[in-house]
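Here's a quick tour of a two-chain complex. Have a look at the sequence and the model first, then read on.

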Amino acid sequence: MNRPSHGWQLVGSLAAAILIVVVAITVVTLKFGSTSIAEQEAREERQEQRLDAQEERREATEDRREDRR
Amino acid sequence: MENVVETLTRGNVAEVKVVLASVALALGVYQLAVIAVGYGKLSVPFLASPPALKAHRAVGDTIALLLLITGVMCLSVYGFEDDMATHAIAGTALLAVLAVKVSVVRRDFGLGRFLPVLGISVFALLCLTWSTSAGVVLA
């Protein structure tokens, strides 16, 4: 079997390396999932803000009830 | 520096570090196979020794850059933490042995015969560094 020229062998070797990079990035990214830590933290922060706002509204309502008495 | 890293990774420092380290490890495994062909220890019909050696050099430069970037990210954001002592020692040793290997490749210093040992040491330290951080995250 005739080997391709050294230049093409080098190109093939580097192409194989690029393929390995793509596979590694894909596998690790799939393992992490589509949601990044930054997005998760932002979501948790929004949820905390919602809970705080609910708590403040509840306290304000109770204060108004006590004022009426 | 910490702010630059946080901004570049959009707050996903650990994830980006794990991806970079995992790519370096995958390429490291490839490097072992390619250098085995380069040194004639492994014979494959589609790759001769000279292009294998050139590919090993090019991929090795890429790995060195990846490891340097990962090391800078790690140090600038996390520093040397007590509970990650093994990772810190292995990572520091990895970059030190890698620097020696690159110096020997470029200037020889009469130490060319030690390149296989240095290469295997770099790979072993890369495996240890990866397994004590990225490996734990991915497990």
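## Chain A

Of chain A's 69 residues, 9% count as buried, where buried takes 20 or more other C-beta atoms within 10 Å of a residue's own, exposed takes 12 or fewer, partly exposed is in between, and C-beta atoms are placed from the backbone. Its secondary structure is 2 helices and 0 strands; helices (H or I, at least four residues) and strands (E, at least two) are DSSP runs, numbered from the N terminus.

A word on ground rules: this is a predicted model, local features need pLDDT of at least 70, side-chain atom pairs count only at pLDDT 80 or more, and totals for chains, interfaces and linings use all residues. Residues are numbered from 1 along each chain as its sequence is written, while chains are lettered from A and ligands numbered from 1 in the order in which they are written.

## Chain B

Chain B comes to 6 helices and 0 strands, so from the N terminus on you read α-α-α-α-α-α. Its C-alpha atoms fill a box of roughly 45 × 30 × 25 Å along the principal axes, and 35% of its 139 residues are buried. Take the contacts in chain B with a separation of 6 or more: 66% of them join residues 24 or more positions apart. Contact here means that the C-beta atoms of two residues, placed from the backbone, lie within 7 Å.

Val37(B) is 16 residues from Leu53(B) in sequence and 8.1 Å away in space, C-alpha to C-alpha. Tyr78(B) is in the loop between H3 and helix H4 (85–107) of chain B. With 16 C-beta neighbours inside 10 Å, Tyr78(B) counts as partly exposed; Thr9(B) is 69 residues from Tyr78(B) in sequence and 14 Å in space, again C-alpha to C-alpha.

## Where the chains meet

The contact takes 25 residues from chain B and 19 residues from chain A. On the chain B side, helix H2 (13–38) and helix H3 (49–77) each supply at least two residues. H2(B) gives the largest share, 10 residues.

That side of chain B divides into 19 nonpolar, 3 polar and 3 charged residues. Nonpolar covers Ala, Val, Leu, Ile, Met, Phe, Trp, Tyr, Cys and Pro; charged covers Asp, Glu, Lys and Arg; the others, Gly among them, are polar.

## Confidence

The predictor gives the complex an ipTM of 0.86 and a pTM of 0.79.
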